[in-house]
Amino acid sequence: MIGVVVNPVAGVGGPAGLAGSDGADVQRSALARGARSRAQERAVLALTTLAERHPGLVVATVAGAMGADAVRAAGLVSRVVGVGARDAGSAGSPEAAGVTEAADTSRAVAALAAAGADLILVVGGDGTLRDAVSGLGAVGHPWGERVDGGRGDDGSAFEAENSRQVHGQGGSGTRTPRLGLPAVLGVPAGVKMYSSVFAVSPRAAGSIAADWVDHEGLPTEEREVLDIDEAAMRRARVDPTLYGMLRVPHRSGRTQARKAPTPVTEAAAVEAAARGAVSRMRPGVRYLLGPGGTIAEITRQLGVEGSPLGVDVVLDGAILVRGASEQELLAQIAEGPAQAVVTVIGGQGFLLGRGNQQLSASVLRALGDDPLLVVAPEQKLIDLHGRPLLVDTGDPELDARFAGHVRIITGVGTSSLYAVNAPELISV
């Protein structure tokens with residue numbers, strides 16, 4: 001049985017330039033800046049892909065914005081399970097209202113595991129998957145009310161054991177023990193996605209889920225759930241912490257790698273790549289400097305103080321906006337020529353859509369025909385072993401424009417042409 005949990009506020013801090021979405025204060029600030037979460041639409045996209053191959057599939061989930069809304073929007077049948085004490089007996093549950101906290105995600109994952117889901121799609125970012133780890137750790141321990149079944153859209157009770165959708169790890173005929181923990185797959189919708197438990201895109205997640213149904217399970221790998229302290233990150237301290245391991249269905253090219261930091265031994269290569277980018281900057285052009293160690297070296301060479309993991313706007317060697325939001329970037333672009341400066345996420349190969357959501361589809365379209373100045377040390381490209389770079393802006397038409405090849409500045413007077421693909425364009 002497939003289960004789905006959605007974090008309704010996942011990713012809201014990205015377009016707002018807040019480098020994350022953890023905490024009610026950050027979420028309120030993001031909304032005040034005009035940002036919104038795209039978790040629901042990304043959940044629907046994943047589930048629609050599943051529905052294309054398995055129309056009418058019954059999916060276990062929780063009420064409202066935490067799952068049932070997306071399941072129904074995709075044309076699938078939701079089987080809603082309760083999640084324990086917080087919403088027991090409450091008509092205005094946090095799940096129905098979309099007003100949720102970390103513990104609600106943990107409760108939801110625990111409830112779906114107890115109800116018999118053997119693959120749970122969790123829509124969010126690193127923090128959401130960290131909450132999923134906590135939820136699975138609570139299965140079999142006191143956690144509100146254990147759930148053995150649920151109710152469908154028509155109010156009828158169901159038993160997971162009787163569902164034809166009970167699948168296990170491995171191939172046909174192999175069943176996961178009922179007391180075993182389910183597999184989990186992250187649907188990317190957050191700001192920070194350091195962990196290797198995510199599909200490369202929502203459609204990729206839906207395709208993996210459809211394969212799981214087709215084959216009664218898939219091979220799985222134990223993968224790390226990493227997260228960082230957002231408050232420390234905003235003070236330029238980026239130190240990912242391991243919070244646990246999840247069993248993740250693996251499909252080559254469909255699940256993302258763990259983010260790899262730039263080794264200290266590459267400092268000279270990073271300095272050279274940054275110097276090459278600085279040498280190509282033109283007077284009168286606003287440069288939107290994205291996050292990353294290579295970009296931080298560019299700000300150092302320009303002699304400006306950038307934000308640790310934000311997007312900063314620089315014009316003729318002077319910083320105009322530090323840690324800009326999507327709306328502030330659009331306002332700056334309207335003032336004159338502009339170009340975004342981005343780097344490659346080590347290990348994952350993402351250019352857009354991971355950690356730089358301020359560079360939204362609207363911003364990238366506003367930049368015109370030459371929106372990107374890409375810079376990275378050569379070793380980051382070598383370490384990809386021929387895998388293409390990835391873009392995931394949430395706009396398939398725009399992603400298609402980026403697909404092909406991009407010139408990457410690797411040093412002073414040196415550059416490489418490298419393939420770019422959009423996960424949403426890969427056949428599922």
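This is a predicted model: local features need pLDDT of at least 70, side-chain atom pairs count only at pLDDT 80 or more; totals for chains, interfaces and linings use all residues.
**Entry 1: the end of H5**

I then went back over H5 itself, which covers residues 102-115 and has 14 residues. From the first C-alpha to the last, H5 reaches 20 Å, close to the 20 Å expected at 1.5 Å a residue. I noted that H5 is mostly covered, with eleven of its 14 residues buried. The buried residues include Asp104, Thr105 and Ser106. Val109 and Leu112 are also on that list, as are Ala113, Ala114 and Ala115.

**Entry 2: Gly206**

I found Gly206 in helix H7, residues 202-215. Is Gly206 buried or exposed? Its relative accessibility is 0%, so Gly206 counts as buried. I checked what it touches, leaving out residues up to four places away in sequence, and got Ala46, Thr49 and Leu50. I also looked at Leu47, which is 159 residues from Gly206 along the chain; the two C-alpha atoms are separated by 5.6 Å.

**Entry 3: the sheet**

I traced an open sheet of nine strands with mixed pairing, in the order E12-E11-E10-E13-E15-E17-E18-E16-E14. Its edge strands are E12 and E14 (350-352), each of which pairs on one side only. From one strand to the next, the twist averages 35°.

I took a closer look at E17 (residues 404-411) and E18, which run antiparallel and are joined by seven bridges. For Gly404, the bridge partner in E18 is Val420.

**Entry 4: Ser416**

I stayed with E18, residues 414-421, where Ser416 is found. Ser416 has 15% relative accessibility and therefore counts as buried, the cut-off being under 20%. Which side chain does the side chain of Ser416 meet in a polar contact? I found that of Glu378, at 3.1 Å. Beyond its neighbours within four places in sequence, Ser416 is in contact with Glu378, Leu381, Val406, Arg407, Ile408 and Thr410.

**Entry 5: H10**

I looked at how H10 sits on the sheet. H10 lies across E10, E11, E13 and E15, and runs at about 135° to E10. Which residues of H10 (residues 293-302) are buried? They are Thr294, Ile295, Glu297, Ile298 and Thr299.

I went on to positive phi in other residue types. Most residues other than glycine have a negative phi. Asp316 is not a glycine, yet its phi is positive, about 50°. I placed Asp316 in the loop between strand E11 (312-315) and strand E12 (318-321). Its relative accessible area is 53%, so Asp316 is exposed, given a cut-off of over 50%.

His385 is another residue other than glycine with a positive phi, near 55°. Where does His385 lie? I found it in the loop between H13 and strand E16 (389-391). His385 counts as exposed because its relative accessibility is 68%.

Notes: Residues are numbered from 1 along each chain as its sequence is written. Side-chain values use heavy atoms; hydrogens and water are left out. Buried means under 20% relative accessible area, exposed over 50%, partly exposed in between (1.4 Å probe, protein chains only). Helices (H or I, at least four residues) and strands (E, at least two) are DSSP runs, numbered from the N terminus. A polar contact is a pair of N or O atoms within 3.5 Å; within protein, one must be able to donate a hydrogen and the other to accept it, and residues adjacent in sequence count only if both atoms are side-chain atoms. Contact means heavy atoms within 4.5 Å. The expected span of a helix is 1.5 Å times one less than its number of residues. Two strands pair if DSSP finds at least two bridges between them. Axes are lines fitted to C-alpha atoms, for helices over the stretch in contact, and angles run from 0 to 180 degrees between N-to-C directions.
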